[in-house]
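Work through the exercises below with the structure open beside you. Try each task before you read its solution.

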Amino acid sequence: MIWLNGRELDGCDGVTVAELLAELGVEPAARGVAVAVDGEVVPRGEWTRRAVAAGARVEALTAMQGG
Amino acid sequence: MSAADPLIIAGRELRSRLILGTGGFPRLETLAEAIRLSAAELVTVALRRIDPQAPHSLTEVLRERGVDVLPNTAGCFTARDAVLTAQLAREAFETDWIKLEVIGDERTLLPDATELLVAAEQLVAQGFVVLPYTTDDPVLARRLEDVGCAAVMPLGSPIGSGMGIRNPYNVQLIVERASVPVILDAGVGTASDAALAMELGCDAVLCASAISRAQDPPAMARAIRAGVEGGRLARLAGRIPRQLHAEASSPFEGLAEL
């Protein structure tokens, strides 16, 4: 089980960051996106290589309107 | 503003002295039109969870308008969260610039001075160009400058309150001492507030709600731009001193005896 943006995802332990982003409809080349796993930034260049362990908390963020 | 009087932050020249916050616009089309009429070159954005249902188009709108993104750390209550958010923003938007907000209280959204200073120091050490949203406390503004912030952004009044500049004397004191740009951030309600900020000697104004929540946001974008420009021109022109009694502008000499 992995936490993706606060939502539980089952049966996907060990998938890569890029695969999790695909869950959210985000292409690997997408601009304006950043990812943190357990409170650490995962640089864009590592998205296809970096496997996400069971229990990890993944935050996938983008630009929203804000002052 | 004319190209002859650019705003310079961290060595970068900006022709516009109005920075636009993108928060609160009802539609992206309205935001795009407000950007055009404000003539802003720099606009703030927040970083939030990707919503697969939402059209992923804010980034597109900003790119089409040719403006640069100034990400913020809005919603952070600790230095730790603000630093991590800034790191994520750098990754997402490929910019070292960050509008640093560390909020201490949900009701007033006032900055948490101690967390702000800690976060500012860490981010400067990590190579960020830090623009901190701060209270109108001249001592805190100086401390933020001392740790290497590229500008200081005192509030006029609480975020979104539209209460204008509650303590113009403090803003003046900040301007007097600062050797980095002073950007009036938060509290602007209408064009005259923006003009006053510039007349007090601020180098720029950052404005979101006054424009985005106005009845006609694009028209207010134009008005506040004019306020910023008028206030800047007045500051450079040098206003007359205030005095209690009148001083005739028509001569008494040569007055007819009627």
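**Exercise 1. Find which residues B:E145 touches beyond its neighbours within four places in sequence, and decide whether B:E145 is buried or exposed.**

Step 1. B:E145 is then in contact with B:V152, B:A178, B:S179 and B:V180. Contact means that the C-beta atoms, placed from the backbone, lie within 7 Å.

Step 2. B:E145 sits in helix α5 (residues 138-146) of chain B. Helices (H or I, at least four residues) and strands (E, at least two) are DSSP runs, numbered from the N terminus.

Step 3. Count neighbours. B:E145 has 20 C-beta neighbours inside 10 Å, so B:E145 counts as buried. The rule: buried means 20 or more other C-beta atoms within 10 Å, exposed means 12 or fewer, and partly exposed lies in between.

Step 4. Compare sequence with space. B:E145 and B:L117 are 28 residues apart in sequence, and their C-alpha atoms are 9.9 Å apart.

**Before you go on: the model.** This is a predicted model, in which local features need pLDDT of at least 70 and side-chain atom pairs count only at pLDDT 80 or more, while totals for chains, interfaces and linings use all residues. Residues are numbered from 1 along each chain as its sequence is written, and chains are lettered from A and ligands numbered from 1 in the order in which they are written. pLDDT is the predictor's confidence in each residue, from 0 to 100. Chain B averages 95, and 98% of its residues score at least 70. The model has ipTM 0.93 and pTM 0.92.

**Exercise 2. Decide whether A:G25 is buried or exposed.**

Step 1. Locate A:G25. The residue lies in the loop between α1 (17-23) and β3 of chain A.

Step 2. Apply the rule. A:G25 has 12 other C-beta atoms within 10 Å, so A:G25 is exposed.

Step 3. Check a distance. A:G25 and A:W3 are 22 residues apart in sequence and 17 Å apart from C-alpha to C-alpha.

**Exercise 3. Work out the strand order of the open three-stranded sheet in chain B, and which strands stand at its edges.**

Step 1. Read the order. It is β6-β7-β8, with parallel pairing.

Step 2. Find the edges. β6 (97-100) and β8 (153-154) of chain B each have a single partner strand, so one side of each lacks a neighbour in the sheet.

Step 3. Check a pair. β7 (residues 129-134) and β8 of chain B share two bridges. Strands pair if DSSP finds at least two bridges between them. B:M153 in β8(B) is the bridge partner of B:Y133.

**Exercise 4. Check the length of helix α3 (residues 79-93) of chain B.**

Step 1. Calculate. The expected span is 1.5 Å times one less than the number of residues.

Step 2. Compare. The 15 residues should span 21 Å, and the end C-alpha atoms are 21 Å apart, so the two agree.

Step 3. Look inward. Buried residues of α3(B) include B:V83, B:L88 and B:F93.

**Exercise 5. Describe how chain A meets chain B.**

Step 1. Count. The contact takes 22 residues from chain A and 28 residues from chain B.

Step 2. Find the main supplier. β5(A) gives the largest share of chain A's side, seven residues.

Step 3. Trace the pairing. β5(A) and β4 (residues 42-49) of chain B are antiparallel, with five bridges. A:T62 stands opposite B:R48.

Key. Contact = placed C-beta atoms within 7 Å.
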